[in-house]
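This briefing is intended for reading alongside the sequence and the model.

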Amino acid sequence: MTMTKEEILEKAKSLNDSDDYDALISLLGKAYDESENDYAYALELSRAFINKGNSVDEGFPFYVKANALLDNCALSGKDDPIWLYRKAYVLYKLNLVEDAIIRLERAARFVDINSSISLLTINNLLSVCKKLEEKMKLKKLSDEDRQAFFTHINKHFGKSKLLFNADGVEFYEIEASELHDYKMIVSLGVSALSMPVPQGFSARDNSKTELCVILPKKWEMNLSEERLSWPLKVLSSLCNYVLTQKAFVGFGFSFDNSKPFSSHTKFQGAMLTALGNYPKEAQSYQDAQGLQVNLFQMVPLMPMEVAYRLNHSAQDLLNLFKLRHVALTPLFEGRPDVCESLTVKKV
């Protein structure tokens, strides 16, 4: 027997209370499609996607789905504090904090005693977002610095197109070419910050960087699919780390995530290296102030490689890749762990 809208929403409430988000998404997804995009179903389905994202390690794809769903009913929700709060929450989860603040401030204007969301809830998230915005505030790149970046990219790598942006950092996709049979995703915005440089290093040559990841040319740029989006998410998080922690990163910098980046990969750490087979002149460029901006490739690492890097130099690890004839470029999901047969030195 066909359920009425009231019965579907009541069933949805029960599933939400029991945290059965998969069943909830299935129920509401079907109802939403059959109703030709009913607004009430859209709001509940967006909440289901958000809650599902919050309940798993890799919630990014679910936040993307919620964001797209909310965009589909933006006209109906523009003055609705529920829609505005959900939209703001998703933007916050996607690291689009400035956009989240705009929605929350608007939600606070329209919320009233009859709303199912309270002003306190809105203001709590607004406070979190404003603190994060302040923490992440950075100097914007000048037009001249942006032009220096694009001139260098066009000359050495090819045409680029904007893929996505997150908190002041843009990420550009560069397609494969005849010389380089893979695609590159490169950041623009990290070089707005002058990193603190360790003693003995030249600030002129080491205080600025942009980061990239190199992927197979057939890698699909689908941000809503966890198996495809995880390298982009890791790259974005690393850029965020440099900007918010005001940390120095350079050749050989590495980190351990302590667990796989995604349920679809065994990689659980990464290291920065030079850009594969590109010539020396492609590895850096000068900004408008004459400071060198270094381009580094983020190379995902397998568990034993991460452990090995803790006690050995970056060059030692790179030598192992060379010895085992394992290419670093592009990222290859099925590659072996080059340290698997080694005994990691104890310290």
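Lys130 is found in helix 8, where helices are DSSP runs of H or I with at least four residues, numbered from the N terminus. The model is predicted, so local features need pLDDT of at least 70 and side-chain atom pairs count only at pLDDT 80 or more, whereas totals for chains, interfaces and linings use all residues. Residues are numbered from 1 along each chain as its sequence is written, and side-chain values use heavy atoms, with hydrogens and water left out.

- Lys130 counts as partly exposed because its relative accessibility is 40%; buried means under 20% relative accessible area, exposed over 50%, and partly exposed in between (1.4 Å probe, protein chains only).
- Leaving aside neighbours within four places in sequence, Lys130 is in contact (heavy atoms within 4.5 Å) with Ile101 and Glu105.
- The C-alpha atoms of Lys130 and Val97 are separated by 8.0 Å, although these residues are 33 residues apart along the chain.

**Nonpolar cores**
- A nonpolar core is a set of buried Ala, Val, Leu, Ile, Met, Phe, Trp, Tyr and Cys residues joined through side-chain atoms within 4.5 Å.
- The largest nonpolar core has 46 residues, of which Leu28 and Leu104 touch the most other members.
- At least two residues of this core come from each of several helices, including helix 1 (5-17), helix 2 (21-34) and helix 8 (119-136).
- Helix 6 supplies the largest share of this core, 8 residues.
- Not counting residues up to four places away in sequence, Leu28 touches Ile8, Ala12, Tyr41, Glu44, Leu45 and Ala48.
- Another core, of 30 residues, lies apart from the largest one and has Met195, Leu232, Phe261 and Phe267 among its members.

**Helix 11**
- Helix 11 (residues 226-245) has 20 residues and spans 26 Å from its first C-alpha to its last, close to the 28 Å expected at 1.5 Å a residue, the expected span being 1.5 Å times one less than the number of residues.
- Helix 11 is largely enclosed by the rest of the structure, because 14 of its 20 residues are buried.

**Cavities**
- The structure holds 5 cavities of 30 Å³ or more; a cavity is a set of points, on a 1 Å grid over the protein atoms alone, where a 1.4 Å probe fits but cannot get out.
- The second largest cavity contains about 40 Å³ of space, a volume being the space filled by probe spheres set on the points, which are joined across faces, edges and corners.
- Among the residues that line the second largest cavity are Phe267, Val299, Leu331 and Arg335, lining residues having an atom within 4 Å of a point.

How values were computed: 1 Å grid on protein atoms, 1.4 Å probe; cavity = no way out; pocket = protein on both sides within 12 Å on 5 of 7 lines; lining within 4 Å.
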